Amino acid sequence: MTIRNAPAEDQSPPSGGQDGADHVERRLLDAASEIVATRGTRGLSVTELARAAGVSRPTVYRRWESADDVLRALIAHRMQQVITAVGPRAADRAAIVDKVVRFGELFDADPVFGRLLDTEPEVFTRYAFQRIGRSQRVILEWLAANILAAQRGGTVRAGSATDLAVMVLLISQSAVLSHKTVTTVIEADALHTELTHALDGYLRP
């Protein structure tokens, strides 16, 4: 297919320059974020993403094969942004617990995740949590690294750091994704307090 009058970044494939490729991908992910945050996943298509980002459809297809692939990449990208916002690696159990609870707060406040939690919670089952995908691996690697550092310091019990990370993820994931269903019986602050106790008790030597 010949593309006429394509935007400048379309003229070379992503491998033609890593900085340029990264810039275009960030632009696409920013546009996808705006679409999902305002219109939900049903507003996200390759055509609409290309229009919103000011690029051609082949530019999108060079990176992702479908809108589903875009959404998976977007979820992983936003997860990484939340992890970055949580801050540096934790040195002990208390810091890990604080960061995990803080992660949940930031996750809920994120405009993309907040929109999906409110209107399309099934997306997390379908794209993020149905199997160990990119978005979960980002979280698990972060958790395992923190747990291993705390084990060396003696504040987290012995065991596979990856196994412990999986259970911490399951506990906190359940709290984050289910908290809106229990707001009539427990307030947000109380839920955070109980999640803190649950995580601390699980990790304590």
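**View 1. Ile75, a residue tucked away in helix H4.** At 1% relative accessibility, Ile75 counts as buried, because the cut-off for that label is under 20%. This is a predicted model, so take the numbers here as computed from it. Ile75 belongs to helix H4. Now look for Phe113: along the sequence it is 38 residues from Ile75, yet their C-alpha atoms are 8.1 Å apart in space.

**View 2. The whole chain, before we zoom in further.** What will you find here, helices or strands? The protein chain has 10 helices and zero strands, so its pattern reads α-α-α-α-α-α-α-α-α-α along the sequence. Of its 205 residues, 44% count as buried. Among contacts with a separation of 6 or more, 67% are between residues 24 or more positions apart. The accessible surface is about 10900 Å², and carbon and sulfur atoms hold 50% of that.

**View 3. The largest nonpolar core.** In soluble globular proteins, nonpolar side chains tend to be buried together. Here the largest nonpolar core has 57 residues, and Leu49, Val60, Phe103 and Ile147 are the ones with the most contacts inside it. Helix H4 (residues 67-86) supplies the largest share of this core, with nine residues. Which residues does Phe103 touch, leaving aside those up to four places away in sequence? They are Met79, Val82, Ile83, Val86, Ile139 and Trp142.

**View 4. A group of aromatic rings.** The model has three aromatic pairs. One of them is Phe107 with Phe113, a stacked pair with 4.3 Å from centre to centre and 15° between the planes. Both partners are buried: Phe107 has 3% relative accessibility, and Phe113 has 0%.

**View 5. Arg157 and a ring.** Find Tyr202 and look at the face of its ring: Arg157 lies over it, 4.7 Å from the ring centre.

View 6. Side chains of opposite charge can pair when their charged atoms come close. The count of salt bridges in this model is eight. One of them joins Glu120 to Arg42, at 3.2 Å from N to O. Glu120 sits in the loop between helix H6 (111-119) and helix H7 (122-128), while Arg42 sits in the loop between helix H1 (18-39) and H2, so this pair ties together parts that are 78 residues apart in sequence. Another bridge links Asp200 and Arg93, whose closest N and O atoms are 2.7 Å apart. Asp200 is in helix H10 (residues 188-203) and Arg93 is in helix H5 (residues 93-109), so the pair ties together parts 107 residues apart in sequence. Asp200 is buried at 17%, and Arg93 is buried at 13%.

View 7. Arg72 pairs with Asp69, and their closest N and O atoms are 3.5 Å apart. The two are three residues apart in helix H4, which means about one helical turn separates them. Arg72 is partly exposed at 31%, and Asp69 is partly exposed at 26%.

**View 8. Helix H2 and what follows.** Val46, Glu48, Leu49, Ala50 and Ala53 are the buried residues of helix H2 (residues 46-53). Glu48 is also linked with Arg39 and Arg51 in a network of salt bridges. Just after H2 comes Gly54, with a positive phi of about 75°.

Conventions:
Residues are numbered from 1 along each chain as its sequence is written. This is a predicted model: local features need pLDDT of at least 70, side-chain atom pairs count only at pLDDT 80 or more; totals for chains, interfaces and linings use all residues. Side-chain values use heavy atoms; hydrogens and water are left out. Rings of Phe, Tyr and Trp (its six-membered ring) pair if their centres lie within 6.5 Å; planes under 30 degrees apart count as stacked, over 60 as edge-to-face and the rest as tilted. Buried means under 20% relative accessible area, exposed over 50%, partly exposed in between (1.4 Å probe, protein chains only). A charge sits over a ring if NZ of Lys or CZ of Arg is within 6 Å of the ring centre and within 35 degrees of the ring normal. A nonpolar core is a set of buried Ala, Val, Leu, Ile, Met, Phe, Trp, Tyr and Cys residues joined through side-chain atoms within 4.5 Å. Helices (H or I, at least four residues) and strands (E, at least two) are DSSP runs, numbered from the N terminus. Contact means heavy atoms within 4.5 Å. Accessible areas come from the Shrake-Rupley method with a 1.4 Å probe; for residues, only the protein chains shown count as cover. A salt bridge is a side-chain nitrogen of Lys or Arg within 4 Å of a carboxyl oxygen of Asp or Glu.
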